[in-house]
Amino acid sequence: MQQFFFSASKEFGAEVTRLLDFVHPATVALWNLRWQVQGFVAATGNATDDDLSDRFGSGSGFPARNLKKSCIETPWADQMEQFAQIVAANVIALYESWAEEVFKNQIGMHGMHHKWVQFPSRGISGRQDKGVRDVLADIRNTGVSPEMQSAFFPVYSGSKRNGVAHLDEMAVLYRYHKEIRNSFMHSGGRASKVAEDAWSNASGLTRADVGGRRNPIVTQVTEGQRIAYSMEQASDLAAVIIRLIHSIDAELSSSAYAEQYFLNAWRSWTELAKYKALPSDPTQRDRRIAKICRKVGFVAPVDPAAVIALGRNAGLVN
């Protein structure tokens, strides 16, 4: 189960799961459609596009146009590249949307932090501006909440998808995929100089560098040449973005910003008054605090006393 602190992170988790749950069976379905169309055409010898549409599109509510072109004339590898581009464009958009929502709206930081988390840190791969670790340093400099550090950070940082030790390397790999996406969207799939540089930076990355299950699949990108992209690469991209968000979300959970976010969620809880008086029994009190935290959208705290201290200081519990 994915555990995130911020609601934007939870929404990302739901959206990326929904995307991948669609893409995986859709890929298998396309493979089987190709096989069935090819078999039907071979058996009939003279099937028209209308015949194929009636045969395979009936009941779907959507006309099946040009099935000969899609299932016979178009190579499978080309269709997989199109699927890969769809996955890449969508997961990158989800990451960009998540960053803007967390840093600008849920934390309330002014500036370019939502952009900087899409880059490796200053000094990495020639980066001159701020990057992902610089953003986290900025947030730590504004204040760390001892109570949040004690209550929640151990849980959120304990995810197996947490790759905080590999943030810069993951950001370098992300830039490789992002510049490939940009080339497909803006240059007809031909690589820009920026895309070639991003490939050069990512080309030496290994499994140990990014903390993944396998070595990243990084194919050569040459300026002006058409880029080849695969579903395996798109899968690498989805995995690295998921780990980036788990890592950043966990690091933010101990910040003063996160403390305020947590307290605001608690204040807005409709049953706040009902649970304001805590039981005198320590065990029951800890259970009550765990219940409150879950009800307002967070995990049960490792240190309930820290949450009680926050709640009392804010007038949320007696």
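Modeller: In helix α6, the buried residues are Val132, Asp134, Val135, Leu136, Asp138 and Ile139. Keep in mind that this model is predicted.

Biologist: How do I read a list like that along a helix?

Modeller: Think of the turn. An α-helix has 3.6 residues a turn, so residues three or four places apart point the same way. Now the case here. Val135 and Ile139 are both among the buried residues of α6.

Biologist: Asp138 carries a charge. Is Asp138 buried or exposed?

Modeller: Buried. Its relative accessibility is 18%, and the cut-off for buried is under 20%. Asp138 sits in α6, which runs over residues 132-141.

Biologist: What does Asp138 contact, beyond its neighbours within four places in sequence?

Modeller: His113, Trp116 and Lys130.

Biologist: What happens just after α6?

Modeller: Look at Gly143. This glycine takes a positive phi of about 135°.

Biologist: Step back. How many helices and strands does the protein have?

Modeller: There are 15 helices and 0 strands. The C-alpha trace spans about 80 × 50 × 30 Å along its principal axes. Of the 318 residues, 45% are buried.

Biologist: How do I read the contacts across the chain?

Modeller: Check how far apart the partners sit in sequence. Take contacts with a separation of 6 or more: 70% of them join residues 24 or more positions apart.

Biologist: And the nonpolar core?

Modeller: In soluble globular proteins, nonpolar side chains tend to be buried together. The largest nonpolar core here has 87 residues. Trp98, Phe103, Phe152, Ile241, Ile248, Phe262 and Trp266 touch the most other members. Take Ile241. Leaving out residues up to four places away in sequence, Ile241 touches Phe12, Val91, Ile92, Tyr95 and Tyr174.

Biologist: Cysteines make me think of disulfides. How many does the structure hold?

Modeller: First the idea. A disulfide is a covalent bond between the sulfur atoms of two cysteines. The structure holds 0. Two cysteines are still worth a look. Cys71 is buried, at 1% relative accessible area. Cys293 is buried, also at 1%.

Biologist: Last, what about the surface and the charges?

Modeller: The accessible surface comes to about 15800 Å², and 49% of it belongs to carbon and sulfur atoms. There are 36 positive and 33 negative charges, and their mean positions are 6 Å apart.

Conventions. Residues are numbered from 1 along each chain as its sequence is written. Side-chain values use heavy atoms; hydrogens and water are left out. A disulfide is a pair of cysteine sulfur atoms within 2.5 Å. Buried means under 20% relative accessible area, exposed over 50%, partly exposed in between (1.4 Å probe, protein chains only). Helices (H or I, at least four residues) and strands (E, at least two) are DSSP runs, numbered from the N terminus. Contact means heavy atoms within 4.5 Å. Accessible areas come from the Shrake-Rupley method with a 1.4 Å probe; for residues, only the protein chains shown count as cover. Lys and Arg count as positive and Asp and Glu as negative; His and the chain ends are not counted. The place of a charge is taken as NZ of Lys, CZ of Arg, CG of Asp or CD of Glu. A nonpolar core is a set of buried Ala, Val, Leu, Ile, Met, Phe, Trp, Tyr and Cys residues joined through side-chain atoms within 4.5 Å.
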